[in-house]
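Thanks for coming, everyone. Please bring up the sequence and the model on your screens.

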Amino acid sequence: MPWCPVCKNEYRAGIKSCAECGVELVDQLEDESADTSEAERREESARLQAALAEAMEEVLADEDAGKKPAAYQTYRDSALQAEDNRTSAYTLLFVGILGFILDVLVFMNIVPVFRNADTTRYFVCGVMGAMFILFIVFGIVSMRNSKILLVQAKSEDTLLSELQKWCRANMSAEQIDSGLSLEDMPEEQKYFRRADQMKELINNKFLNLDQGLLEHFVDEYYQELFEDK
């Protein structure tokens, strides 16, 4: 098959000149053309690697400037959540039960709210009764969630206690700073460098930790190591 020596397009047999370049076709491209193509591929690969390195430098610069990582997760104390659910459950159950009893009394006309309007009384009592039943159901669900969260809170307390015990035995302020270059660095950048180091050490020891819980623990233990002195 003939080839164009300029644009490197391949043509079918019988064609003598390139339709785009107007030059005479050749039977085979020269070896230097292949070398040139290989050089171009290497140059493109080098450009991509340089762009990737530049992007990584920008990410590191943003972290050093004190920006929280996008994956930061807020920790919610299970004990506080359990207390909130329990308070909501008591409120819903109280309103639901009291309202349902009052609704039944009105429906049976023991509490004469409606006079000579049976249809209206049935309709209103039916709607209000359904609403108060929903209050009772939501209250039961909230109470159940409160018990589940209390069990979870005990598990978290045990885990936090183990984390604290291990960190006090294996992770001091001097050990954390020894592997970092913190000279002439603003305090905020020091915090992020130290916190990342602490999280890495803890993750290596305790697998599959909830990252929100880990963030919460590191924030508190950091104060014990570096700010309470």
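**A short tour of the model**

Of the 229 residues in the protein, 25% are buried. Buried here means under 20% relative accessible area, exposed means over 50%, and partly exposed is in between, with a 1.4 Å probe and protein chains only.

A word on the source. This is a predicted model, in which local features need pLDDT of at least 70, side-chain atom pairs count only at pLDDT 80 or more, and totals for chains, interfaces and linings use all residues. Residues are numbered from 1 along each chain as its sequence is written, and side-chain values use heavy atoms, with hydrogens and water left out.

Now the fold. The protein has six helices and zero strands. From the N terminus, the order reads α-α-α-α-α-α. Helices (H or I, at least four residues) and strands (E, at least two) are DSSP runs, numbered from the N terminus.

What about contacts? Contact means heavy atoms within 4.5 Å. Take the contacts between residues at least 6 apart in sequence: 57% of them join residues at least 24 apart.

Next, packing. Two packed helices are described by the angle between their axes and the distance between the axes. The axes are lines fitted to C-alpha atoms, for helices over the stretch in contact, and angles run from 0 to 180 degrees between N-to-C directions.

Start with helix 2, residues 78-107, and helix 3. They pack at about 160 degrees, with axes 7 Å apart. That makes helix 2 roughly antiparallel to helix 3. The cut-offs: under 35 degrees is roughly parallel, over 145 roughly antiparallel, 65 to 115 roughly perpendicular, and the rest oblique. By class, this contact of helix 2 with helix 3 has 25 nonpolar, 11 polar and four charged residues. Nonpolar covers Ala, Val, Leu, Ile, Met, Phe, Trp, Tyr, Cys and Pro; charged covers Asp, Glu, Lys and Arg; the others, Gly among them, are polar.

At what angle do helix 3 and helix 5 cross? Roughly 115 degrees, between helix 3 (residues 118-170) and helix 5 (residues 187-205), with the axes coming within 12 Å. Helix 3 and helix 5 are therefore roughly perpendicular to each other. Helix 3 brings Leu163, Trp166 and Cys167 to the contact, and helix 5 brings Leu201, Ile202 and Lys205. By class, that is five nonpolar, no polar and one charged residues.

On to the core. A nonpolar core is a set of buried Ala, Val, Leu, Ile, Met, Phe, Trp, Tyr and Cys residues joined through side-chain atoms within 4.5 Å. The largest one has 25 residues, and Met198 and Ile202 have the most contacts inside it. Helix 3, helix 4 (173-178), helix 5 and helix 6 (211-227) each give two or more residues to this core. Helix 6 gives the most, with eight.

Look at Ile202 again. Setting aside neighbours within four places in sequence, Ile202 contacts several residues, including Trp166, Met171, Leu209 and Phe217.

Now two loops. Asn109 sits between helix 2 and helix 3. Its phi is near 65 degrees, a positive value in a residue other than glycine. Asn109 is partly exposed, at 39% relative accessibility. Asn208 lies in the loop between helix 5 and helix 6. Phi of Asn208 is near 60 degrees, also positive in a residue other than glycine. Is Asn208 buried or exposed? Exposed, with a relative accessible area of 80%.

Last stop: Met128, in helix 3. Met128 is partly exposed, at 30% relative accessibility. Its C-alpha atom is 6.9 Å from that of Asp103, 25 residues away along the chain.
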